Amino acid sequence: MHDFAEAFRLAFALAASGDADLIEIIALSLQVSLTALLASSVIGFGLGTLVAVARFPGRGAAIVAFNTLMGLPPVVVGLLVYLMLSRAGPLGVFGLLYTPAAMIIAQTILITPIIAALSRQIVEDLFLEYDELFRSMSVPTHQAMAAVLWDARFSLVTVALAGFGRAIAEVGAVMIVGGNIDHLTRVMTTAIALETSKGDLALALALGIVLLVISMTVNAMALSLRTTAARQAYA
Amino acid sequence: MRELALRVDEIVSSDADAADRQTLPLLPLKVCGLTFRAGGRTLIDNLDLALGMHGITMMLGPNGAGKSLLLRLLHGLIAPSSGEISWNGVPLGHSVQERQALVFQKPVLLRRSVGENLDFALRLMGQSSQQRRDELLNRVGLLRLARQPARLLSGGEQQRLALARALAADPQVLLLDEPTASLDPASVQMIEGIVQDASRQGMRIVFVTHDIGQARRLADDVVFMHRGRVAEHAPSKDFFQSPASEAARDFLAGRIVL
């Protein structure tokens with residue numbers, strides 16, 4: 001109980017003091033996760049839309065794969081990326097291990113299936129709704145895809161925010177490929193893990209509260225978007 | 001240089017062909033031995049039909065007669081199991097379909113504003129202009145709602161928007177699948193007025209309904225369908241005065257037609 005009270009006091013004190021280390025950790029967390037989100041959105045929305053709209057052999061297997069990979073354990077992703085980026089690995093020459101770039105790669109791999117699977121479902125549902133109309137109007141495929149993506153934009157932003165939530169809260173993969181190096185690869189989740197192992201539970205909880213606030217902000221944005229879309233009957 | 005000139009000629013010629021195809025009349029329509037089977041049932045059964053160049057054809061018949069299905073087949077949204085559909089000798093295909101427009105019983109509207117729904121159709125036609133958009137919206141009485149989200153419109157307004165979108169394509173043939181089902185009388189009257197205007201301007205109308213009163217008001221000729229076949233095709237006056245088929249007589253008398 002004492003730890004909780006101390007954690008809240010410390011969290012507010014840290015936030016109020018504008019602690020440089022804390023700001024650095026938060027900034028790196030956001031930089032890594034937002035960059036991973038950007039990369040995942042480009043790949044995931046593209047793959048999701050392709051699988052939603054196109055008919056090709058193995059489409060069912062692709063859907064199963066997306067859905068299965070949504071539950072990828074972060075430590076497994078971390079391990080795979082570690083093997084790829086380690087000196088003996090195929091991408092070892094780039095020297096990316098224990099850098100923010102490695103963490104971005106790991107998070108991108110982790111959240112791309114989530115974005116692809118959820119966007120596939122959203123785009124496919126809307127595409128089915130529009131399908132007869134588009135065929136009736138002889139809408140070319142590329143215009144049909146663009147129209148569906150545009151009309152599904154509110155839902156797709158929610159998907160992206162879900163991906164961001166997963167990325168920013170993830171610890172296993174970034175710990176393995178980033179190494180939790182102070183002033184280089186330390187992000188909020190790895191810092192929490194470190195402070196917990198050191199026994200500084202109050203600081204760990206304070207960082208957790210900051211993480212929670214970011215997560216809540218993201219969720220509030222998602223809810224606000226959906227509410228706005230529903231109010232305007234676009235969703 | 002000569003090659004370039006030839007290629008330019010080809011492009012000009014192909015554009016001219018496309019323009020010709022666009023202006024060539026789609027009618028008459030000839031349907032021979034059309035059959036459509038699904039789920040082990042024959043829903044359209046060896047159907048023959050011919051439609052002339054002008055007017056409003058009302059497709060009448062009880063529920064399950066195959067009216068809406070026939071409309072989808074004529075528009076090429078579904079492929080027949082067998083039989084032929086030819087529009088002025090041209091088999092169904094992209095060039096035929098783009099000269100028709102279909103209004104569905106339940107309008108499918110994009111998740112956009114009223115005006116943007118029309119813009120989408122006009123852009124497809126390469127005619128995107130606010131003047132044309134406003135003209136169409138005015139024609140269906142929706143100009144003041146141009147900025148409203150389309151899905152917040154009432155049922156009648158949504159159907160009028162769908163009709164405006166169909167008219168935006170300036171089709172030769174307008175196919176309407178029970179567009180006034182479950183609408184209030186004022187909306188029905190408004191939609192019928194728009195359809196009659198379109199017909200007066202030379203658009204060929206094929207209108208599916210099971211509303212006898214509506215068929216009486218609008219029809220130049222009536223196609224009465226029963227069990228996936230054309231039981232009767234006659235000028236409106238003849239059909240309503242002395243229907244030739246027993247199924248049509250029962251239908252007009254309000255008896256259950258099985």
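In this predicted model, A:Glu129 pairs up with B:Arg111 in a salt bridge (a side-chain nitrogen of Lys or Arg within 4 Å of a carboxyl oxygen of Asp or Glu), with 4.0 Å between the closest N and O atoms. Across the interface of chain A and chain B, the rule picks out four salt bridges, along with ten residue pairs in polar contact, both residues being at pLDDT 80 or more. A polar contact here is a pair of N or O atoms within 3.5 Å; within protein, one must be able to donate a hydrogen and the other to accept it, and residues adjacent in sequence count only if both atoms are side-chain atoms.

Elsewhere, A:Ser155 sits in helix H7 of chain A, residues 153–168. A:Ser155 counts as buried because its relative accessibility is 10%, the cut-off being under 20% relative accessible area (1.4 Å probe, protein chains only). Leaving aside residues up to four places away in sequence, A:Ser155 touches A:Ile122 and A:Arg226.

Residues are numbered from 1 along each chain as its sequence is written, and chains are lettered from A and ligands numbered from 1 in the order in which they are written. Local features need pLDDT of at least 70, side-chain atom pairs count only at pLDDT 80 or more, and totals for chains, interfaces and linings use all residues, while side-chain values use heavy atoms, with hydrogens and water left out.

Methods: Helix = DSSP H or I, 4+ residues; strand = E, 2+ residues; numbered from the N terminus. Buried < 20%, exposed > 50% of the residue type's maximum accessible area, 1.4 Å probe, protein only. Contact = heavy atoms within 4.5 Å.
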